[in-house]
2 protein chains.
Amino acid sequence: MTYNFSQLYEQMSIEKNSKVSVGLDPNLERIPKFISEKSKIDLPSDIVLNFNKFIIDLVADFVPVVKPQLAYYEKLGWRGYQSYEKTVEYAKSKGLLVIADAKRGDIDSTATAYAEAFLSDRYGGVSAVTVNPYLGKDSIIPFIEQSRQTGKGLFILVKTSNSGSQDIQDIVTSRGNRVRDVVRDWIIEETENSNEKYSNIGAVVGATHPTEMSQLRMSLKKSLFLVPGIGAQGGDIKEIHRVFDENGHGAVINSSRSILYPDSVTVDSTKEEYAEAVLCETIKLNTQINKILLNNGQY
Amino acid sequence: MTYNFSQLYEQMSIEKNSKVSVGLDPNLERIPKFISEKSKIDLPSDIVLNFNKFIIDLVADFVPVVKPQLAYYEKLGWRGYQSYEKTVEYAKSKGLLVIADAKRGDIDSTATAYAEAFLSDRYGGVSAVTVNPYLGKDSIIPFIEQSRQTGKGLFILVKTSNSGSQDIQDIVTSRGNRVRDVVRDWIIEETENSNEKYSNIGAVVGATHPTEMSQLRMSLKKSLFLVPGIGAQGGDIKEIHRVFDENGHGAVINSSRSILYPDSVTVDSTKEEYAEAVLCETIKLNTQINKILLNNGQY
């Protein structure tokens with residue numbers, strides 16, 4: 001097996017000195033006019049693709065990962081799905097890893113189809129995908145098998161960044177643990193015998209839950225964390241050291257809206273102003289995280 | 001509001017004397033050769049679309065609903081997504097209701113994008129969509145709001161048909177209920193004040209769990225059930241009365257593989273043989289269900 005997602009991430013995060021994933025959640029209403037109004041005949045899906053290319057060109061030297069969120073593409077129908085695939089290809093051509101934020105989950109035969117959709121090497125295949133565990137472990141196994149065959153990664157939802165994550169994930173069971181611990185334990189079972197520093201079976205852990213971030217880092221020793229929730233969702237950057245190991249590895253910190261739509265610019269800003277703001281937000285986030293890691297968690 | 005999914009389903013199921021949804025899970029390896037080899041230049045996505053049209057033409061007079069499973073289309077990339085949309089349009093043009101089996105679920109802003117993707121009136125919009133509750137109630141609300149605006153339906157996963165459904169959904173909580181009961185209670189909250197016989201907020205309940213089918217029917221009085229698991233998955237048709245109310249309403253029984261790929265034919269069968277087998281399976285399932293409902297649950 002030549003491809004190994006977690007190793008690639010570690011290498012690239014060292015090379016670029018960045019633990020950041022830029023979330024590609026293109027929202028037509030917030031895309032600046034120098035892109036959306038450049039050509040009146042552009043379809044929404046073209047505007048989305050052009051915006052993504054603009055962002056990718058800016059951030060490709062500074063971050064190892066981008067994370068397209070499928071909903072924003074599906075919303076635009078098959079042309080949106082095509083723009084998603086072109087975005088993936090473009091990001092890969094710029095040397096970026098791509099995590100498809102799809103949160104898929106289904107019964108075995110269907111889960112196999114989803115695993116092939118995202119983790120095969122076909123056109124549109126990505127480096128890693130997010131997976132929803134509500135249907136049970138048999139719905140996750142096809143993704144794990146596909147990951148073992150291809151070296152691609154998966155991130156299983158354990159504790160998501162939204163406040164509603166408490167409704168199911170935090171339920172205390174009759175055994176005294178929580179529902180999210182059951183999911184965590186599947187991941188431990190599948191990764192504890194891994195020879196790698198980090199296996200390709202990771203976890204989604206929201207940056208909005210400091211206590212859980214520490215607890216999960218302690219128990220999931222062989223799993224990369226994909227960490228959404230910094231920025232627009234309110235996760236405190238000062239707590240982010242909790243998802244890293246003692247060497248400053250083991251986590252991908254995602255930011256979407258704060259980088260795509262910086263507060264300092266508007267849809268009317270010029271291309272130069274907008275580009276500067278995006279770059280500035282990206283570098284600021286890199287610097288904040290690196291500073292915390294250098295200072296062993298002291299901000 | 002003119003469109004009302006649950007009312008339309010009740011009307012159409014009476015008109016066609018059928019409670020059946022035909023699942024459109026096109027699997028290239030099982031599509032008969034008279035379709036897959038008709039033209040050597042057809043793309044896989046064209047073959048899938050042609051197979052779906054063949055099935056839809058056969059079943060449209062006999063069932064009220066078809067249910068495309070998104071995974072089988074996403075597996076083929078954007079062209080697959082386009083075939084999904086063309087399938088939806090074709091089914092609607094034949095007077096069928098369409099349930100998109102997507103099992104989406106995400107944080108609020110993203111859930112809104114998914115809700116618009118599936119339940120808006122744009123090209124590719126469907127009659128109802130399936131939704132995954134693992135992210136919590138705030139991930140479901142955007143679908144409920146979209147449903148209230150458009151009259152479209154949603155089916156929230158409560159108890160799925162796979163054996164792994166026990167892993168999370170059946171966990172006993174410290175309060176003595178189960179995780180799936182928490183999801184059930186959200187649905188009760190959102191539907192109990194509905195003036196309709198059945199609201200547009202439904203539940204997915206697998207046909208492989210007789211006890212849970214009865215329990216959930218008793219408590220979710222205002223929700224249509226979408227019931228997968230009959231046929232290839234092993235659900236016993238004799239137990240199917242459990243998901244219907246005393247008047248024989250309230251459930252959509254899905255069958256996918258048993259109708260699409262009948263045991264009596266192979267990929268080498270002729271068009272006439274295959275068509276006869278598909279029709280025969282469809283009518284057999286209608287008849288079995290109707291007989292049970294007429295006999296008040298006695299097979």
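Predicted model: local features only at pLDDT ≥ 70, side-chain atom pairs only at ≥ 80, totals over all residues.

Now step back to the strands themselves. In chain B, eight strands form a closed barrel. Its order is S1-S2-S3-S4-S5-S6-S7-S8, and the pairing is parallel. On average, neighbouring strands of this sheet are turned by 30° against each other, direction ignored. What holds paired strands together in a sheet? Strands of a sheet pair through backbone hydrogen bonds, and the pairing can be parallel or antiparallel.

Follow one pair in chain B. Strand S1 (residues 20-24) and strand S8 (residues 251-255) of chain B pair in the parallel sense. Three bridges connect S1(B) and S8(B). Find B:Val22, then look across to S8(B): B:Ser255 stands opposite.

Move to chain A. Here too, a closed barrel of eight strands runs S1-S2-S3-S4-S5-S6-S7-S8, with parallel pairing. From one strand to the next, the twist averages 30°. Take S2 (residues 65-68) and S3 (residues 97-104) of chain A as an example. These strands run parallel, and two bridges join them. Which residue in S3(A) is the bridge partner of A:Val65? The partner is A:Leu97.

Pick out H3 (residues 44-59) and H12 (residues 271-294) of chain A. The axes of H3(A) and H12(A) are 10 Å apart, and the helices pack at an angle of about 50°. H3(A) and H12(A) are therefore oblique to each other. H3(A) passes H12(A) in a right-handed crossing. Which residues meet there? H3(A) brings A:Ile55, A:Leu58 and A:Val59. H12(A) brings A:Ala275, A:Val278, A:Leu279 and A:Thr282. The contact of H3(A) with H12(A) has six nonpolar residues, one polar and no charged.

Helix H6 (residues 108-119) and helix H7 (residues 141-150) of chain A cross at roughly 35°. Their axes come within 8 Å. The crossing of H6(A) and H7(A) is right-handed. On the H6(A) side, the residues are A:Asp108, A:Ala111, A:Thr112, A:Ala115, A:Glu116 and A:Leu119. They meet A:Pro142, A:Phe143, A:Gln146, A:Ser147 and A:Thr150 in H7(A). The contact of H6(A) with H7(A) divides into five nonpolar residues, four polar and two charged.

The same surface serves both copies, as 100% of the contact residues of chain B recur in chain A.

How many residues of chain B are in contact with chain A? There are 47, and they touch 47 residues of chain A. Six helices of chain B each give two or more residues to this side: H4 (71-74), H5 (77-93), H6 (108-119), H7 (137-150), H8 (165-169) and H9 (179-191). H6(B) gives the most, with six residues. The side of chain B that touches chain A holds 18 nonpolar, 18 polar and eleven charged residues.

Notes:
Residues numbered from 1 in each chain as written. Chains lettered and ligands numbered in written order. Contact = placed C-beta atoms within 7 Å. Helix = DSSP H or I, 4+ residues; strand = E, 2+ residues; numbered from the N terminus. Nonpolar A, V, L, I, M, F, W, Y, C, P; charged D, E, K, R; others polar. Axes fitted to C-alpha atoms, helices over the stretch in contact; angles between N-to-C directions. Parallel < 35°, antiparallel > 145°, perpendicular 65-115°, else oblique. Left-handed = near helix turned anticlockwise from the far one by under 90°. Pairing = 2+ DSSP bridges.
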